[in-house]
Amino acid sequence: MTALLVAVGAMAGAPLRLLVTRLAARSHHDPALGTLAVNVAGSAVLGVLLGLGSAPSWVLALVGTGFCGTLTTFSAFGADVVRLVEERAVGRALAYVTASLVLGLAAAAAGCALAR
Amino acid sequence: MAYLLAALGGALGALARWGVAEALPRSPGGWPWATLLVNLGGCLLIGVLTGVLAARRPEPAWARPFLAVGVLGGYTTYSAFAVEAVLLADRGAVVLAAGYVLASVLGGVLAVVAGVRAVRGRAR
């Protein structure tokens, strides 16, 4: 049952991440900006969910592990950083890492604080 | 079509991530081994995939939406990483939290590079 919930949440999260990175690319931004957006948004939602401390286990599996876990990505984040460095855009790579950390951790903290 | 491939791959990746988390013992407030393991492993694999696709032009149309966006995007996660770091710091383990952030980011980037180089080394 838990596996099914994780899979259903993931089947919403992954296409949504693809849509956001495509929208970023279409509006002539780096697709990394789309990755940044989903990573920050997903961290905020998971922060709220875990901050509640009393969410039912099916919600944690569906929304937490499935949707938030899959909406956000670490592999694309790492690959974006390496690609930017290889394109000799080291400043942008550093800005991307900094923004991901500052905004992502702040979103997670804000979500937790809001839910408590 | 790309969205369907991403959804299917994402479900497979998420199930694998959930499986790893279930298999590893968890200690509340301890070092988040499961997330670190999937994130570093996923970064290594996206490096390998990047190297393989760079050597295969034109690349198959299904590969990026299914494998990169779906499977590896779903296998790795940023939200759990961020919330775990915040919860560690919140419990007063600030040094542990900082170490977790550093290990994830530095380790992730190095894993991508190692993956790409492993493929390039083989291609030569």
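Helices (H or I, at least four residues) and strands (E, at least two) are DSSP runs, numbered from the N terminus. This is a predicted model: local features need pLDDT of at least 70, side-chain atom pairs count only at pLDDT 80 or more, and totals for chains, interfaces and linings use all residues. Residues are numbered from 1 along each chain as its sequence is written, chains are lettered from A and ligands numbered from 1 in the order in which they are written, and side-chain values use heavy atoms, with hydrogens and water left out.

**Pockets**

- Rolling a probe the size of a water molecule over the atoms shows where empty space is left.
- The search uses a 1 Å grid over the protein atoms alone; a pocket is an open set of points where a 1.4 Å probe fits, with protein on both sides within 12 Å along at least five of seven lines, while in a cavity the probe cannot get out. Lining residues have an atom within 4 Å of a point.
- Grid points are joined across faces, edges and corners, and a volume is the space filled by probe spheres set on the points.
- The largest pocket holds about 1100 Å³ of space. It has 34 lining residues, and those closest to its centre are Leu50(A), Ala21(B), Arg26(B), Thr35(B) and Glu84(B).
- Both chains contribute to this lining: helix 2 (31-52) and helix 3 (57-71) of chain A, and helix 1 (2-23), helix 2 (33-55) and helix 4 (79-90) of chain B, each supply at least two residues. Helix 3 of chain A gives the largest share, six residues.
- The lining of the largest pocket has 18 nonpolar, 11 polar and five charged residues. Here Ala, Val, Leu, Ile, Met, Phe, Trp, Tyr, Cys and Pro count as nonpolar, Asp, Glu, Lys and Arg as charged, and the others, Gly among them, as polar.
- The second largest pocket holds about 860 Å³. Its lining has 33 residues, with Ala79(A), Asp80(A), Arg83(A), Arg64(B) and Ala68(B) nearest the centre.
- Two or more residues of that lining come from each of helix 1 (2-26), helix 2 and helix 4 (75-86) of chain A, and helix 2, helix 3 (63-75) and helix 5 (94-123) of chain B.
- The lining of the second largest pocket splits into 18 nonpolar, six polar and nine charged residues.

**Aromatic rings**

- A pair of aromatic rings is described by the distance of the centres and the angle of the planes.
- Rings of Phe, Tyr and Trp (its six-membered ring) pair if their centres lie within 6.5 Å; planes under 30 degrees apart count as stacked, over 60 as edge-to-face and the rest as tilted.
- Over all chains there are nine aromatic pairs.
- Phe74(A) and Phe81(B) pair edge-to-face, with centres 5.2 Å apart and planes at 75 degrees. Phe74(A) sits in the loop between helix 3 and helix 4 of chain A and Phe81(B) in helix 4 of chain B, so this pair joins two chains.
- Phe74(A) is buried at 0% relative accessibility, and Phe81(B) is also buried at 0%. Buried means under 20% relative accessible area, exposed over 50%, and partly exposed in between (1.4 Å probe, protein chains only).
- Trp31(B) and Trp33(B) are also edge-to-face, 6.1 Å centre to centre with 65 degrees between the planes. Trp31(B) is partly exposed at 25%, whereas Trp33(B) is exposed at 56%.
- Ring pairs link a cluster that includes Phe77(A), Tyr96(A), Tyr78(B) and Tyr100(B).

**Chain B**

- Chain B has five helices and zero strands.
- Of its 124 residues, 47% are buried.
- Thr35(B) lies in helix 2 of chain B and is buried at 8%.
- Beyond its neighbours within four places in sequence, Thr35(B) is in contact (heavy atoms within 4.5 Å) with Thr77(B), Ala80(B), Phe81(B), Glu84(B) and Tyr100(B).

- Most residues other than glycine have a negative phi, and most peptide bonds are trans.
- A cis peptide bond joins Arg57(B) and Pro58(B), with omega about -5 degrees. Pro58(B) is in the loop between helix 2 and helix 3 of chain B.
- His28(A) is not a glycine, yet its phi is positive, about 60 degrees. His28(A) lies in the loop between helix 1 and helix 2 of chain A and is exposed at 76%.
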